[in-house]
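Here is my note on the aromatic rings, as numbered points. Please read it with the structure open.

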Amino acid sequence: QVELVESGGGLVQAGGSLRLSCAASGRTSNLYTMGWSRQAPGKEREFVASISWNVRNTGYADAVKGRFTISRDNAKNTVYLQMNSLKPEDTAVYYCYGRERDDSGTTTGYWGQGTQVTVSS
């Protein structure tokens, strides 16, 4: 079992910055990727960014490329999302996720509780 706890959301003006954190606890040794998704009111949850746990490969949604940066601190089991040049359309609940793979190859996904990001125009 893996627990994920996000923090760092809030209200910011357009053009501003925020940094989200996601701390993982529990059985973190089998994690192979972590990332962020978001869900705006009335919309489906969408992928934002991901980072592999060992190789540090990263991926971003087109909507955030060049503005958001995902990083991790393995020693702290924490993933960060640095969000710059924020736009009102970035307003959403941001969810951290993690995926683990056990010795048999079975994968399991986990979600955090979400943190609200509101960007005012």
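1. Is Tyr97 buried or exposed? The model is a predicted one, and in it Tyr97 has a relative accessible area of 5%. Tyr97 is therefore buried, as the cut-off for that word is under 20%.

2. Searching the whole structure gives 2 aromatic pairs. One of them joins Tyr95 and Trp111, with 6.4 Å from centre to centre and 90° between the planes, an edge-to-face arrangement. Tyr95 belongs to strand β9 (residues 92-101) and Trp111 to strand β10 (residues 107-111), so this pair ties together parts that are 16 residues apart in sequence.

3. Trp111 also pairs with Tyr97: the ring centres are 5.5 Å apart and the planes are at 55°, so this pair is tilted. Here too distant parts of the chain are linked, since Tyr97 is in strand β9 and Trp111 in strand β10, 14 residues apart. Taken as a group, Tyr95, Tyr97 and Trp111 make up one aromatic cluster.

4. Trp111, at 46%, is partly exposed.

5. Charged side chains should be noted as well. Arg45 lies over the face of Trp111, at 4.5 Å from the ring centre.

6. Which ring does the charged end of Arg101 sit over? That ring belongs to Tyr32, and the charged end is 4.0 Å from its centre.

Terms used. Residues are numbered from 1 along each chain as its sequence is written. This is a predicted model: local features need pLDDT of at least 70, side-chain atom pairs count only at pLDDT 80 or more; totals for chains, interfaces and linings use all residues. Side-chain values use heavy atoms; hydrogens and water are left out. Rings of Phe, Tyr and Trp (its six-membered ring) pair if their centres lie within 6.5 Å; planes under 30 degrees apart count as stacked, over 60 as edge-to-face and the rest as tilted. Helices (H or I, at least four residues) and strands (E, at least two) are DSSP runs, numbered from the N terminus. Buried means under 20% relative accessible area, exposed over 50%, partly exposed in between (1.4 Å probe, protein chains only). A charge sits over a ring if NZ of Lys or CZ of Arg is within 6 Å of the ring centre and within 35 degrees of the ring normal.
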